[in-house]
Amino acid sequence: CTRAELLAINDTDWYRDRLVKFYGRLGFVPVKEVEGGFEDLSDMLIFGGCGTKMEASVVKLQATGRNIVMSGVDDSGGADRRSERR
């Protein structure tokens, strides 16, 4: 498995735009708008709706995920104290 796919579901335009932005920060890029036509039938069956189909490299996602996790750890290997102040 070398790539991951997801659908930023189009419940509302506002919500879909936020999902596309969030997933974009993780490394996903938009590849297709699933709009509900006959040509989108396979994507609609897989994802369960309409929206923006996005994909990313699994290797890139692993690196991004590691960076996100490590950003919450201080240099001594313990939990970052900033999270305790919230």
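What is the order of the three strands in the open sheet? The order is 1-3-2, and the pairing is antiparallel.

## Basis of the model

This is a predicted model, in which local features need pLDDT of at least 70 and side-chain atom pairs count only at pLDDT 80 or more, while totals for chains, interfaces and linings use all residues. Residues are numbered from 1 along each chain as its sequence is written, and side-chain values use heavy atoms, leaving out hydrogens and water.

## Elements

The protein has three helices and three strands, arranged β-α-β-α-β-α from the N terminus on. Helices (H or I, at least four residues) and strands (E, at least two) are DSSP runs, numbered from the N terminus.

## Sheet

Strands pair if DSSP finds at least two bridges between them. In the open sheet, ordered 1-3-2, strand 1 (3-9) and strand 2 (29-34) stand at the edges with a single partner strand each, so one side of each has no neighbour in the sheet. Neighbouring strands are turned by 25 degrees against each other on average, direction ignored. Axes are lines fitted to C-alpha atoms, for helices over the stretch in contact, and angles run from 0 to 180 degrees between N-to-C directions.

Strand 2 and strand 3 (residues 51-57) run antiparallel and are joined by five bridges. Valine 29 stands opposite glutamate 55 in strand 3.

## Helix packing and contacts

Helix 1 (residues 13-26) packs on the sheet and touches strand 1, strand 2 and strand 3; its direction makes about 155 degrees with that of strand 1. Contact means heavy atoms within 4.5 Å. Among contacts between residues at least 6 apart in sequence, 58% join residues at least 24 apart.

## Burial

Of the 86 residues, 22% count as buried, meaning under 20% relative accessible area with a 1.4 Å probe, protein chains only.

Definitions and conventions
Buried means under 20% relative accessible area, exposed over 50%, partly exposed in between (1.4 Å probe, protein chains only).
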